[in-house]
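Reader: I have a structure open and would like to talk it through with you. Could we go over it piece by piece?

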Amino acid sequence: MQAMPRTLFAEEHEIFRDSVRRFIEEEIAPYHQQWEKDGQISREAWLKAGKMGLLCASIPEEYGGGGGDRLYSIIVMEELARGGFSGPGFDLHSEIVAPYIQRYGSEEQKRHYLPKMAKGEIIGAIAMTEPGTGSDLQGVRTSAIKDGNELVLNGSKTFITNGQMCDVVIVVAKTDPDAGAKGTSLVLVDGGTDGFRKGRNLEKVGRKAQDTSELFFDDVRVPASNMLGEEGKGFGYLMQELAWERLQVAIMAVANIEAAFGWTVDYTKERKAFGQAIADFQHSRFALAEMKTEIAVARTFVDRCIELMLKDELDGETGAMAKLWTTDLQGKVLDQCVQLHGGYGFMWEYPIARAWADARVQRIYAGTNEIMKVVIGRGI
Ligand SMILES: Cc1cc2nc3c(=O)[nH]c(=O)nc-3n(C[C@H](O)[C@H](O)[C@H](O)COP(=O)(O)OP(=O)(O)OC[C@H]3O[C@@H](n4cnc5c(N)ncnc54)[C@H](O)[C@@H]3O)c2cc1C
């Protein structure tokens with residue numbers, strides 16, 4: 001569904017989009033159902049995605065990335081969301097974890113991690129949330145205390161995307177537990193470090209092919225040079241990236257409902273009841289007309305936000321608005337689409353059922369939608 005032509009993408013972007021679509025068709029779609037059973041995707045898929053240039057597309061070439069603008073990463077996000085393939089945690093790896101390293105990392109950290117991340121040899125995660133605190137990040141209790149030339153980490157994290165598979169995790173920790181937000185720092189911890197343990201791969205109601213994990217840190221010792229950026233500035237760094245991170249959720253929401261709308265139109269035109277297509281009942285037509293309108297409005301707003309983001313002009317409040325509104329709309333649209341599919345809409349084998357389940361968390365992670373209202377309200 002495309003109500004109005006989009007103006008963001010140049011020809012080279014569309015060529016890239018074609019190759020992403022082909023990659024998804026050949027390397028993601030045939031395996032996704034199995035990955036849902038496994039609770040994670042395969043390492044091979046990460047390596048193949050790296051080889052095809054789907055990872056770290058906007059990281060500079062000198063660090064092994066694609067060297068493109070963020071539209072390339074957006075294309076990967078959109079195409080996965082359009083297909084309903086929620087397993088690959090490529091967006092978090094490429095457009096959340098890698099940019100932190102690129103922006104705040106030392107030259108040595110960048111040279112060590114980024115080229116391997118771009119190849120899919122190293123999988124990245126970011127661990128903010130703890131069992132006792134999610135929305136209130138100032139309440140983080142995991143500590144990273146200096147001991148000579150080392151940092152000693154203790155604490156636990158939960159709900160961490162790519163958590164089972166990650167080879168490096170950015171840990172949000174208190175380097176000065178008495179200094180509140182000012183005592184918060186970001187620390188890089190490699191998989192396999194003594195005392196760093198991955199807990200359960202959590203069983204979720206949706207996004208089943210995506211690994212989401214508990215992580216434990218028991219006297220984990222890392223060199224002090226594993227600090228990402230400056231000590232005590234972690235909270236500020238997190239805040240600076242939020243608008244873009246929230247826009248990513250909005251981008252995936254809109255791509256996903258555009259696709260779901262298309263599946264629903266096709267289904268309701270085909271399926272008959274009382275001697276006519278479901279799509280021909282006035283109720284169905286009105287429901288579809290409303291959805292089409294709202295999705296077009298969402299698309300226009302999100303594309304405008306992308307435009308601002310590309311110019312580095314997207315502010316936190318607008319990013320929060322995009323996340324809030326599009327994910328609320330996603331919930332509403334997918335629920336309607338399930339309804340129009342009747343009982344088939346509740347069957348896991350139907351993409352619409354998966355999309356409905358996968359989408360629920362969009363209102364929860366990257367800051368809950370209530371927190372989005374707090375952010376927007378603060379600026380009024
Ligand atoms: C599938 C999945 C993947 C995730 N991936 C990651 C990841 O990779 N890394 C990571 O660090 N975290 C991740 N998270 C965690 C996610 O970001 C948190 O779950 C989220 O921020 C909410 O925190 P919480 O679960 O502790 O809820 P809480 O903060 O306990 O919130 C509970 C309820 O209270 C409401 N609430 C809280 N504060 C306020 C307020 N001030 N005003 C009004 N209402 C409020 C919330 O909106 C919510 O409705 C993931 C979560 C899920 C489910």
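Reader: Is F159 buried or exposed?

Author: This is a predicted model, and in it F159 has a relative accessible area of 55%, so F159 counts as exposed, the cut-off for that being over 50%.

Reader: Where is F159 found, in terms of strands?

Author: F159 is found in strand β3, which covers residues 150-161.

Reader: And what is its phi, given that F159 is not a glycine?

Author: The phi of F159 is positive, at about 60 degrees, although the residue is not a glycine.

Reader: I also clicked on R207. What about the phi there?

Author: R207 is not a glycine either, and yet it has a positive phi, in this case of about 50 degrees. R207 sits in the loop that runs between β6 (196-201) and β7 (212-223).

Reader: Does R207 count as buried or exposed, and why?

Author: R207 counts as buried, because its relative accessibility is 16% and the limit for buried is under 20%.

Reader: Changing topic to helices: how do α4 and α5 pack?

Author: Two packed helices are described by the angle between their axes and by the distance between those axes. For α4 (residues 70-83) and α5 (residues 90-104), the angle is about 150 degrees and the axes are 9 Å apart. The two helices are therefore roughly antiparallel to each other, since angles over 145 degrees are described in that way.

Reader: Which residues make that contact?

Author: On the α4 side the contact is made by R70, S73, V76, M77 and L80, while α5 contributes F90, D91, E95 and P99.

Reader: Now the whole chain, please. How many helices and strands does it have?

Author: The protein chain has 11 helices and 10 strands. Its radius of gyration is 21 Å, close to the 21 Å that the globule rule gives for 380 residues, so the chain is as compact as a globular protein of that length. Along its principal axes, the C-alpha trace spans about 80 × 45 × 40 Å.

Reader: What percentage of the residues count as buried, and what is the accessible surface?

Author: Of the 380 residues in the protein chain, 53% count as buried. The accessible surface of the chain comes to about 17,200 Å², and 51% of that belongs to carbon and sulfur atoms.

Notes
Residues are numbered from 1 along each chain as its sequence is written. This is a predicted model: local features need pLDDT of at least 70, side-chain atom pairs count only at pLDDT 80 or more; totals for chains, interfaces and linings use all residues. Side-chain values use heavy atoms; hydrogens and water are left out. Axes are lines fitted to C-alpha atoms, for helices over the stretch in contact, and angles run from 0 to 180 degrees between N-to-C directions. Helices (H or I, at least four residues) and strands (E, at least two) are DSSP runs, numbered from the N terminus. Angles under 35 degrees count as roughly parallel, over 145 as roughly antiparallel, 65 to 115 as roughly perpendicular and the rest as oblique. Contact means heavy atoms within 4.5 Å. The radius of gyration is taken over C-alpha atoms; the globule rule is 2.2 Å times the number of residues to the power 0.38. Buried means under 20% relative accessible area, exposed over 50%, partly exposed in between (1.4 Å probe, protein chains only). Accessible areas come from the Shrake-Rupley method with a 1.4 Å probe; for residues, only the protein chains shown count as cover.
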